[in-house]
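Thanks for coming, everyone. Let me put the structure up, and then we'll walk through the sheet, a few residues and a pocket.

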Amino acid sequence: MTTVRIDGWTEDDLRLLRELNTPEAKRHLGGPEPEGKVLDRHRRYLTSEGFGTGRMYRILLDDVDRSVGTVGFFERVWQGAEVYEIGWGVLPDYQGRGIAVAATRLAVEAAREAGARRYLHAFPSTRNAASNAVARKAGFELVGECDVEFPPGQWMRSNDWRLDLSRP
């Protein structure tokens with residue numbers, strides 16, 4: 001079986017962001033972003049700007065010589081509490097193999113080690129069965145449906161999945 005790893009974001013991962021910026025990959029996230037926004041996202045991922053004690057990672061496989069996806073967590077305020085939010089994305093050729101679940105579990109451990117927040121939330125669209133399955137399989141508890149602004153200025157109906165980082 002292939003080993004999944006996560007590692008820090010690099011200059012070379014701009015290509016990955018562009019590959020994940022397709023109508024298919026972004027159908028639950030408001031659609032593809034203009035190139036300027038992709039470049040800005042890449043810069044933020046390199047510097048962790050706006051992440052607080054969070055971090056963005058690239059997903060690596062031991063038998064593939066390139067990044068195959070992204071996973072990361074960042075600080076946010078949710079319903080009056082300071083929490084982490086997590087998100088992930090895997091290139092289409094690598095989906096359906098448990099890679100997102102394994103990478104999310106690794107990012108959960110990184111968030112636990114950061115130790116700055118008790119809860120980690122994921123907010124996949126209610127229509128995104130695959131991402132909701134990732135959250136469930138990675139150990140998150142479904143809190144319920146909610147409305148989340150993403151991208152800025154656009155609201156989507158999401159499921160609020162929560163994981164208590166204080167529990168092993």
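Start at the hairpin. Strand 6 and strand 7 form it, with 5 residues between them. In the turn, Gly153 has a positive phi of about 90°. Strands here are DSSP runs of E, at least two residues long, and helices are runs of H or I, at least four, numbered from the N terminus.

Some ground rules. This is a predicted model, with residues numbered from 1 along each chain as its sequence is written. Local features need pLDDT of at least 70, side-chain atom pairs count only at pLDDT 80 or more, totals for chains, interfaces and linings use all residues, and side-chain values use heavy atoms, with hydrogens and water left out.

Strand 6 and strand 7 run antiparallel, joined by 8 bridges.

Two strands pair if DSSP finds at least two bridges between them.

How covered is strand 7? Mostly: 7 of its 10 residues are buried. Buried means under 20% relative accessible area, exposed over 50%, and partly exposed in between, with a 1.4 Å probe and protein chains only.

Gly69 is in strand 3. Gly69 is buried, because its relative accessibility is 0%. Beyond four places in sequence, Gly69 touches Leu16, Tyr57, Arg58, Ile59, Gly89 and Val90. Gly69 and Asp7 are 62 residues apart in sequence, yet 11 Å apart in space, C-alpha to C-alpha.

Is Arg41 buried or exposed? Its relative accessible area is 13%, so Arg41 counts as buried. Arg41 is in helix 2, residues 35-47. Leaving aside neighbours within four places in sequence, Arg41 is in contact with Leu17, Glu33 and Phe150.

Then Gln79, in the loop between strand 3 (69-78) and strand 4. Gln79 is exposed, since its relative accessible area is 69%. Gln79 is not a glycine, but its phi is positive, about 50°. Most residues other than glycine have a negative phi.

Last, the second largest pocket. Its volume is about 190 Å³. Helix 3 (99-114) and strand 7 (155-164) are the elements that give two or more residues to its lining. Helix 3 gives the largest share, 4 residues. Among the lining residues are Arg105, Arg112, Tyr119, Glu141 and Asp164. By class, the lining has 4 nonpolar, 1 polar and 7 charged residues. Ala, Val, Leu, Ile, Met, Phe, Trp, Tyr, Cys and Pro count as nonpolar, Asp, Glu, Lys and Arg as charged, and the others, Gly among them, as polar.A pocket, on a 1 Å grid over the protein atoms alone, is an open set of points where a 1.4 Å probe fits, with protein on both sides within 12 Å along at least five of seven lines; lining residues have an atom within 4 Å of a point. Volume is the space filled by probe spheres set on the points.

Definitions and conventions: Contact = heavy atoms within 4.5 Å.
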